Amino acid sequence: MRFSQTLIPTMKETPSEAEVISHQLMLRAGFIRKLAAGIYTWLPMGLRVLRKVERIVRNEMDRAGARELLMPGVQPADLWQESGRWEHYGRELLRFKDRHDHDFCLAPTHEEVITDLVRHEIRSYRDMPLNLYQIQTKFRDEIRPRFGVMRAREFLMKDAYSFDVDEETSATSYRTMYAAYKAVFDRLGLRYSVVEADSGAIGGSFSHEFMVLAETGEDDIASCGSCDFAANVEKAPVAPRQGQAPAPVAQVTEVATPGAHTVEQVAAFLKVAPADIAKTMIYLADGQPVAAMVRGDREVNEVKLKNMTGAAELVLASPAAIVETTGGPVGFSGPLGLNMPVYADQELAFSAALVVGANKKDTHLTGLHITRDLPQARQADLRNAALGDPCPRCGGEISFARGIEVGHVFRLGTKYSDALGATYLDAEGQAKPIVMGCYGIGVSRIVAAAIEQGHDENGIIFPLAIAPVTVAVLPMAVDGEVWETAKRLHDELWEAGVDALLDDRDLRPGVKFKDSDLMGTPLKLVVGKKGLAEGKVEFKLRNGGQVEMLPLAEAVEHVRRLAREGGAQFI
């Protein structure tokens, strides 16, 4: 493969549109180009990375007993209406009408389609267990696509679905896929964590996320050093406080707080701690207002709140909606006198006197006691886990890390088979619902996550398994013995099963070195006059290490051995 014959439009400067490092480097390395918001063209080098990820995923799915198929990307509305998700899924579902005025959508996922397939094809318990998967383009109409392919509207995904006769055998299928996912991420060469997770719009009773660890990750992971507990912060439960809740110590009193509308400002003005304040957040749950209360130094967990309300869509109320529903401006909302459901975090019951908004400009209330003054409020775990919280499983110390979700496995149960009538006949001839599981991997997202985890000031650092090419052959001249030797090394590497990129451009060596580092090529062979005079070529690893001078006759075998040991793929 020659550089000059491959479209690799590298860039020196970082594009202003790119916010995160993976987006910046994928653009600079010539991997992708933007067509529209959240929609990208994959250029040759980027596509090679994508295909290598895809190959590993496909290989481990096949090894686990799943069988590949391909489902349509355009889906009829009636299936989604039958499952109840046509409205419930939300605005990410891109809906449209065909020329016959029939409603369709672009597939964000395939639970409905796969369930429709098996309800017509599976007849007996003898037809299961069964696991079917595909690797296909999905589309979700993200409200704010960002971070390049990390949060794109169009993306490549592997989704698999298991079908079993009961929960026991479904649990076996789940464990099989869980193990297959671990094998995938082990082979990818990425540092990752497996965490308990919320099932979200997919539904189901139980799920785990596979998170690539990176300081720039968009998800917080809570884990315990004393047991195997690990969970996405969206899911991580906060254990109830032990002991007796305090009795009230004061009456509710209105106080003026001119110009103080943030927790910090109110705490400073009233000379109290943020923990003595309960902030009241107003949300719209399927368009209806609800209030959520947490301590001033905590954050509302919107996933927990959404699950508590049972809403399909939960959004923060606009300033206008806050005024309309509470009577007061933003920053002064409080729980008393509201004509809406009020949800209070369980921790607030352990405060004897709280400061809350008065639903009136420049005014707060002091002395509020949740149990006495808000008996109608539903108390529950409503906040994000935080440093200092005990492990909900063993009581140990919780720590936090950042991660990027790249895989998700679900126990669906009979959610979709009940809705769509997918049944089988058991050994006694009785009709029973098929028990399902769902297993997704963000193939294109893995590429971005790998870059977020592996990079330096010079560019990308790919694991050998998924680098666009394994080795760059860099001739310091494009004529004479140097050039002929470089061409021969390149050809011998390909014959040995090592994908190599020959940089045949007539450019300064520094440019070639920089582009090779930028693209994340793991290995370099540098061919120069001085080395050839001694019968040697220069060898170097992308992720560090000393330069080695290899005998020319040993160079190909040396690279081939390292490639094989590192799990490099040849495509």
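Student: Is Arg 241 buried, partly exposed or exposed?

Tutor: This is a predicted model, and in it Arg 241 has a relative accessible area of 46%, so Arg 241 counts as partly exposed, a class that lies between the 20% and 50% cut-offs.

Student: Where in the chain is Arg 241, and what does it touch?

Tutor: Arg 241 sits in the loop between β12 (230–232) and β13 (253–256). If residues up to four places away in sequence are not counted, Arg 241 touches Glu 347 and Phe 350.

Student: How far is Arg 241 from Met 436?

Tutor: In sequence Arg 241 and Met 436 are 195 residues apart, and in space they are 37 Å apart, taken from C-alpha to C-alpha.

Student: New topic, the sheet with β14 in it. What is the strand order?

Tutor: The order is β16-β14-β15-β17-β20, which makes an open sheet of 5 strands with mixed pairing. At the edges stand β16 (314–316) and β20 (378–380), and each has a single partner strand, so one side of each has no neighbour in the sheet. Neighbouring strands of this sheet are turned against each other by 30° on average, with direction ignored.

Student: How do β14 and β15 pair, and what lies between them?

Tutor: β14 and β15 pair in the antiparallel sense over 8 bridges, and one of the residue pairs is Met 281 with its bridge partner Ala 292 in β15. The two strands form a hairpin with 2 residues between them, and Asp 286 in the turn has a positive phi of about 50°.

Student: And the other neighbours, which way do they run?

Tutor: β14 and β16 run antiparallel and are joined by 3 bridges, with Leu 314 in β16 as the bridge partner of Ala 285. β15 and β17 (residues 342–345) run parallel, again with 3 bridges joining them, and here Met 293 stands opposite Ala 344 in β17.

Student: Which residues are closest to the centre of the second largest pocket?

Tutor: The second largest pocket holds about 370 Å³ of space. It is lined by 22 residues, and those closest to its centre are His 261, Lys 279, Thr 280, Met 281 and Gly 331. The elements that give two or more residues to this lining are α7 (263–270), β14 (278–285) and β18 (354–357), and β14 gives the most, with 5 residues.

Student: What classes of residue are in that lining?

Tutor: The lining of the second largest pocket has 13 nonpolar, 7 polar and 2 charged residues.

Student: Now the cavities. How many are there of 30 Å³ or more?

Tutor: The count comes to 2 cavities of 30 Å³ or more. The largest cavity holds about 50 Å³ of space, and its lining includes Phe 3, Leu 501, Asp 503 and Lys 512. β27 (471–475) and α14 (509–519) each supply at least two residues of that lining, and α14 has the largest share, 3 residues. By class, this lining divides into 5 nonpolar, 2 polar and 2 charged residues.

Student: What about the second largest cavity, what lines it?

Tutor: The second largest cavity has about 40 Å³ of space, and among the residues that line it are Ala 222, Phe 229, Pro 237, Asp 389 and Ile 398. Its lining has 10 nonpolar, no polar and 1 charged residues.

Student: Back to α14, which of its residues are buried, and what do they pack against?

Tutor: In α14 the buried residues are Lys 512, Asp 515, Ser 516, Asp 517, Leu 518 and Met 519. The buried residues of α14 pack against the helices α1 (21–28) and α2 (44–63), and also against the strands β26 (459–460), β27, β28 (500–502) and β29 (523–527).

Note on methods: Residues are numbered from 1 along each chain as its sequence is written. This is a predicted model: local features need pLDDT of at least 70, side-chain atom pairs count only at pLDDT 80 or more; totals for chains, interfaces and linings use all residues. Side-chain values use heavy atoms; hydrogens and water are left out. On a 1 Å grid over the protein atoms alone, a cavity is a set of points where a 1.4 Å probe fits but cannot get out, and a pocket is an open set with protein on both sides within 12 Å along at least five of seven lines; lining residues have an atom within 4 Å of a point. Grid points are joined across faces, edges and corners, and a volume is the space filled by probe spheres set on the points. Helices (H or I, at least four residues) and strands (E, at least two) are DSSP runs, numbered from the N terminus. Ala, Val, Leu, Ile, Met, Phe, Trp, Tyr, Cys and Pro count as nonpolar, Asp, Glu, Lys and Arg as charged, and the others, Gly among them, as polar. Buried means under 20% relative accessible area, exposed over 50%, partly exposed in between (1.4 Å probe, protein chains only). Contact means heavy atoms within 4.5 Å. Two strands pair if DSSP finds at least two bridges between them. Axes are lines fitted to C-alpha atoms, for helices over the stretch in contact, and angles run from 0 to 180 degrees between N-to-C directions.
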